[in-house]
Amino acid sequence: PLLVLSALLQDGRASRFYRGLVEGREIATDVSGGFNPFQSAAFYEGTTMFLTKVSYRRGVPHEKVLAALDEEISSIAKKGVSEAELSRLKTRILAALYAGMESRMELAVELAEATAFDGAPDGLLTLPARIAAVTPNDVKRAASWLSKEARVVIVKKPGEEGQKP
Amino acid sequence: MKTRRPLFASLASLASLTALAVPSLLLAEKKEPAPFPKELPKLAAERPLSPPAVSAKTLGNGLTVWVVNRRGVPLVNVTLVVKGGRTLDEKDQAGFSNLLAEGLKEGTATKTGAQIADTLQGAGAELSTGAGSDSIAVSATGVAEKLDVLLSTVADVAAHPAFPKSAVERVKANALEELATSETDPEFVAVRSLRRQVYGAHPYAVDSPTKQSIERTTPELLRREAARRLVPERALLLVVGEVEPENASRLAAAAFGSWARGSEALPPARAATPARESREALVVSRPGSVQSVLAFGGVGISRTDPEAAALEVAEAIYGGAFSSRLVSNLREEKGYAYSPYAVARSAPQGGLIATVAAVRNEVTGAAASEILYEMSRIATTDPSDEELERARGHQIGSRVLSLQSNAAVAGELADLFRNGLSPADIGKPIEALTKVTAKDVRRVAKKHLTPYAMRLVVVGDLPAVKEELAPIVPIVEEKVER
């Protein structure tokens, strides 16, 4: 569900964060992120991380950006996601999964991570079925997990650091 | 429930793919592992790259179509590349093509940008557009079952872009934000100035828009230029992936057949020549900076130049590869710079040869002198056999490894088209690389990699840079024109 939620929130121009912050509110220039980006998304050990990166316009207070992100998340936690949107997202995730297997090296890494964290390379085979099984309710529930209490926010402002690299 | 079917179909092909890919060893019972060999096995001899089978067609409106059937993952890449990029931008509209490419995502005569994004998402894809110095490209990679959707969307974006006013205002505002962010990066500033120094009045001097050119961009200008430039007779459509060539050609003709021809011929190419002779180093002042960015650059060559392979090897030995002389010297031995690098990019009208290193203020002069030494050395002495072998192997290997994805194959075929070459030429660079000799390396370095062929731009604290570089080169300060 978190993989699907991440795609819903921040994968590309059809995502909620892009629609809401770059297009709708016009406060950000770009949004990106992922579920567990520093491990291998679906295959992991220990605590997982949900990462979002927003480049926002000068003059916009960062509190406003965070509030906008929260509005988008709570909209999903309340209203969920339609079957049609969920179906598009699943196709998108599957395509991204395949794209990550195009090179020998990447395929080898995927197989190794599935083996290391899931016990067998078969984990890679069952992942599409696990994604296909995600329901609108699962996504809704996952959105409620992104609570403010479990969050770390880092704000980087190049101007205030002056000229020194 | 139409979308369920592709999921299961894809699952089946994933199963067969993975079954092939998983070594039987992993699935077999546990055995005592064989002891790890003391020495690595010898590399096998290089094999020629077999060119992909390309089905080529030309539609009635002049659009060239190349279809490549590649088995592997159930994906397909659709790339439309149109000749003519930033070289066609007016002088006072520097980098306009970048905004044109970005604006293409914002909707067509019949669909908003958001509707396009949703449609492509349903095909597993994300729209990608980009401008280069010599072309503009529109592409998307999605699931093979949705090839028709990918083709019709890319066709719509290229043939009927709308550039709605509010979206153009947003694209401009974001471009200004990105420019401001980039300008805080001294390396961006150094390379931007270096291009102007190297290319002078040639349009290759510009690779990004300016504040002025962004502000001057209007929906009317975007529409007019899109209609003039995005025309089928200048374009190549690539379909690369798990496709049936006949079916793909039929779908391509259906999607692109009605795209109207343009009325202007592409202006002739103009070879870039080195800008005025000058031995001065240009300093872009960055007060208080604790580092200087040194950027050396000169005019390079195109991939059709008979010396292209030799230059590639020379550049790898000099500074392109991690095991190169530049990196060993500046990073490993002296510790002056963390990631110095050199590139020799090819481009149809003359590529860019550049060496860039960010160094501490107090070693700016020392680092510059080592870079000049390495340039002189590659141009005046033969490389060792070991260096030559390693560099050739590195370049050949990188070329093979870089062609593993559908999008990468499409990208390489697009570059062949931009340079007036054919798909059969895809294996030529590797063939040429196997024949490069030490003499070739020295000859080409003498022509293109000497200090004499370079301009120097330094971004840093002016007094500190002056202090350091005064013994080596005369210094002029850049007049800021932002």
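At what angle do helix α2 (residues 16–24) of chain A and helix α3 (residues 62–79) of chain A pack, and how far apart are their axes? In this predicted model, the angle is about 145° and the axes lie 10 Å apart. The crossing of α2(A) and α3(A) is right-handed.

From α2(A), the contact draws on R16(A), F17(A), G20(A) and L21(A). They meet residues of α3(A), including V65(A), A68(A), L69(A), E72(A) and I76(A). By class, the residues of this contact are seven nonpolar, two polar and two charged.

Chain B holds an open sheet of six strands. Their order is β9-β10-β8-β11-β7-β12, and the pairing is mixed. β9 (341–345) and β12 (475–477) of chain B each have a single partner strand, so one side of each lacks a neighbour in the sheet. On average, neighbouring strands of this sheet are turned by 20° against each other, direction ignored. Within the sheet, β8 (residues 291–299) and β10 (residues 352–360) of chain B run antiparallel, joined by nine bridges. One of the pairings sets G298(B) against I353(B) in β10(B).

The largest pocket has a volume of about 1,600 Å³. It is lined by 44 residues, and T52(A), K53(A), V54(A), V153(A) and I154(A) are the closest to its centre. β2(A) gives the largest share of the lining, seven residues. Other elements that give two or more residues are β1 (28–35) and α3 of chain A, and α6 (165–182) of chain B.

The lining divides by class as follows.

| Class in the lining of the largest pocket | Residues |
|---|---|
| Nonpolar | 24 residues |
| Polar | eleven residues |

Methods. Residues numbered from 1 in each chain as written. Chains lettered and ligands numbered in written order. Predicted model: local features only at pLDDT ≥ 70, side-chain atom pairs only at ≥ 80, totals over all residues. Heavy atoms only, no water. Axes fitted to C-alpha atoms, helices over the stretch in contact; angles between N-to-C directions. Helix = DSSP H or I, 4+ residues; strand = E, 2+ residues; numbered from the N terminus. Left-handed = near helix turned anticlockwise from the far one by under 90°. Contact = heavy atoms within 4.5 Å. Nonpolar A, V, L, I, M, F, W, Y, C, P; charged D, E, K, R; others polar. Pairing = 2+ DSSP bridges. 1 Å grid on protein atoms, 1.4 Å probe; cavity = no way out; pocket = protein on both sides within 12 Å on 5 of 7 lines; lining within 4 Å. Points joined across faces, edges and corners; volume = space filled by probe spheres on them.
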